[in-house]
Every structure is written in structure tokens, then in C-alpha cells.
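Subject: Structure handover

Hello,

Here is the structure for your work. My notes follow below it.

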Amino acid sequence: MTEPYDLITMGRIGVDLYPLQSGVPLAQVETFGKFLGGSATNVAVAAARLGRRGAVISRTGRDPFGDYIHQALRDFGVDDRWVTAVDAYPTPVTFCEIFPPDDFPLYFYRRPKAPDLVIRPEELDQDAIAAARIFWITGTGLCEEPSRSATLAALEAREVGPTVFDLDWRPMFWGGEGGASGDGGARGAAAMAAARPYYEAALRHVTVAVGNVDEAEVATGLREPKACAQALLDKGVELAVIKQGPKGVLAVHRDGRTAEVPPTPVEVVNGLGAGDAFGGALCHGLLAGWELEPMMRYANAAGALVAGRLACSSAMPTADEVDAFLASR
């Protein structure tokens with residue numbers, strides 16, 4: 001058997017088409033940059049940039065954008081062997097608008113169905129998933145079949161090491177709108193109610209849960225960060241990481257250790273991708289066996305660096321960049 005991967009992620013993949021003009025509505029944008037995208041994919045890229053050996057489980061369309069994705073993964077040093085083509089559906093593209101410091105609307109083009117939701121249980125390399133030092137799944141992977149069954153089957157295959165659940169709440173993939181119950185429009189609460197049983201099923205198999213307050217609410221029904229963290233621990237995870245935006249990040253371990261770390265100040269260019277950089281750095285810290293506080297500070301710094309850049313995948317920092325950034329603070 002080959003050496004186990006440091007990290008295998010499973011979930012969204014696609015092409016990000018981001019405006020090269022900031023503060024301009026999408027209807028008026030004239031030029032775009034093309035980047036590798038998808039949350040689970042960006043996490044694998046972020047970890048690779050920090051020196052970790054990773055792979056992605058996902059699917060593309062059989063089209064030029066799919067070809068681009070394979071080349072981009074290879075360029076970033078991420079194994080693409082489990083990224084396969086689906087004849088029936090095009091590779092997804094995602095547009096955004098850039099209104100710093102905190103408004104970055106996303107427009108997903110994933111219909112009639114995204115190929116990454118056509119991952120099937122029988123296609124999984126369960127031996128590789130079982131052996132990976134970290135395995136990472138996302139909430140989006142639970143929103144439709146057959147991806148839902150494949151995600152749960154992958155979790156059941158796990159034998160060793162941390163298994164991370166990125167709570168990754170995208171209400172539009174569940175028939176909802178808005179962010180969570182407080183601002184989710186007419187379908188916010190209903191979409192969350194539809195998702196929660198599948199989130200709870202996944203939580204029974206994972207050791208780490210990470211997400212913002214909206215995402216934690218989907219999993220727990222609560223919004224207060226410490227209560228969310230405790231509820232996640234009560235559901236069986238060993239480490240709960242709650243991202244609180246301008247209030248920083250809260251990490252609570254089952255053994256009683258806690259860390260509450262303020263955000264790392266940065267002039268925001270594009271906040272999209274910062275959470276994925278955080279995730280890749282979190283995996284890096286877990287693999288290194290770091291204590292909670294330095295791990296959260298490092299992950300915050302990685303996220304801040306990406307928030308100060310335009311792209312997501314190609315903006316992921318190296319270890320030297322994160323170290324230098326922290327040293328300058």
C-alpha cells in the first residue's frame with residue numbers, strides 16, 4: 001500500500017470567475033479572472049501550499065473547464081486521481097461580486113445538477129479514505145443523492161486520525177435562501193430543518209466540527225458560540241471550532257481545553273476563500289499536533305492573508321508566508 005495521504009477532502013469543485021474590478025456590480029464588470037474553486041478543493045490546495053500531501057474526491061463535467069481543473073490541481077500539487085468526469089452535467093462555475101470589506105455575494109451555476117453531487121458510494125476508494133491522516137467532508141455533500149450516501153459511506157470507512165466536518169451551510173442547495181434562521185427569509189428555517197438530520201448523521205462519525213455561527217446553528221439549533229460548541233461536543237465530536245467573524249475564533253476540546261483567539265487584522269480585498277485557508281491551516285496544525293491556541297492563531301493568519309488577496313486557491317499562503325505574517329504582528 002502507498003503511503004497514506006496527509007489529507008483527503010471530498011466535496012465541491014468548480015471554476016471561480018472573479019471580477020478584476022472591485023466595488024462594481026456584476027452587471028457592469030468587464031473582465032474576470034479564472035481560478036480553481038470549490039470549498040473542499042480549496043482546503044486541499046491550502047494544505048498542499050503548507051507542505052501537506054493531499055487529494056480531492058469530486059467530479060467535473062467532461063468539458064474544457066474539467067480539463068482546466070485537473071491541470072490546476074496538478075499545478076498545486078494536489079492528487080486528482082479521484083476527480084472523475086460526468087457526461088450528463090457541465091463543470092460548475094461560480095461568480096462573485098467584490099464589495100470590501102464584508103460584502104461578497106456569490107452566484108452559483110450548478111444546475112440542473114453539479115457533477116460533484118454525483119459521487120457514488122461504490123466509486124469510493126475506502127482503503128485510502130480509511131488510511132488518510134485527515135479526512136474532510138462538507139455540509140454541501142449531504143444536500144443531494146447520491147453524494148449524501150457517498151459522504152456517509154466514506155465517514156463509516158474511517159479508522160484512524162481526525163475526521164473533519166466543515167459545516168459549510170449553503171441554504172440555496174437545500175431549497176432555502178439567506179443565511180440562517182435569523183435572516184433566512186421565508187425558507188431559511190425550513191431549509192435548516194431539512195438539513196439537520198443529515199448533519200446529525202454525519203456528526204456521529206467525525207472528530208472535528210468547524211463552521212461559523214450560522215453553520216453551527218444548522219447542526220445544533222443554537223446560535224450562542226459557546227453553547228454551539230458544547231452542543232457539538234455533546235453530539236460526539238472531540239473538537240468544536242466556531243468562527244465568529246470580527247470576534248475571532250473559539251475552539252473547545254472535549255478534554256476541557258479551550259482557546260478564544262481574536263481575528264488577525266488585514267485590509268480585506270476579497271473575503272471569499274479565507275475560511276478555506278483557515279481549514280487547510282487547521283489540518284496542518286492537527287497533523288503537527290499543535291496546541292489549540294497556536295493552531296487557531298496560525299489558521300486565523302492564513303485566512304487573513306487570503307482575505308487580503310483577490311483569488312481563493314491561488315491565494316493560499318505558504319508556511320513561510322504565514323510565519324512571516326505572524327512575526328510582523
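What is the volume of the second largest pocket? It is about 200 Å³. A pocket here is an open set of points on a 1 Å grid over the protein atoms alone, where a 1.4 Å probe fits, with protein on both sides within 12 Å along at least five of seven lines. Grid points are joined across faces, edges and corners, and the volume is the space filled by probe spheres set on the points.

This is a predicted model: local features need pLDDT of at least 70, side-chain atom pairs count only at pLDDT 80 or more, and totals for chains, interfaces and linings use all residues. Residues are numbered from 1 along each chain as its sequence is written, and side-chain values use heavy atoms, without hydrogens or water.

**Pocket lining**

The second largest pocket has 15 lining residues, meaning residues with an atom within 4 Å of a point. Nearest its centre lie Leu239, His253, Arg257, Leu286 and Met295. Helix H8 (274–288) and helix H9 (292–307) are the elements that give two or more residues to this lining. Helices (H or I, at least four residues) and strands (E, at least two) are DSSP runs, numbered from the N terminus.

**Backbone**

- Arg111 and Pro112 are joined by a cis peptide bond, omega about 10°. Pro112 is in the loop between strand S7 (106–109) and helix H3 (126–131).
- Glu145 to Pro146 is also cis, with omega near 5°. Pro146 sits in the loop between strand S8 (134–138) and helix H4 (147–157).
- Asp168 is not glycine, yet its phi is positive, near 40°.

Regards
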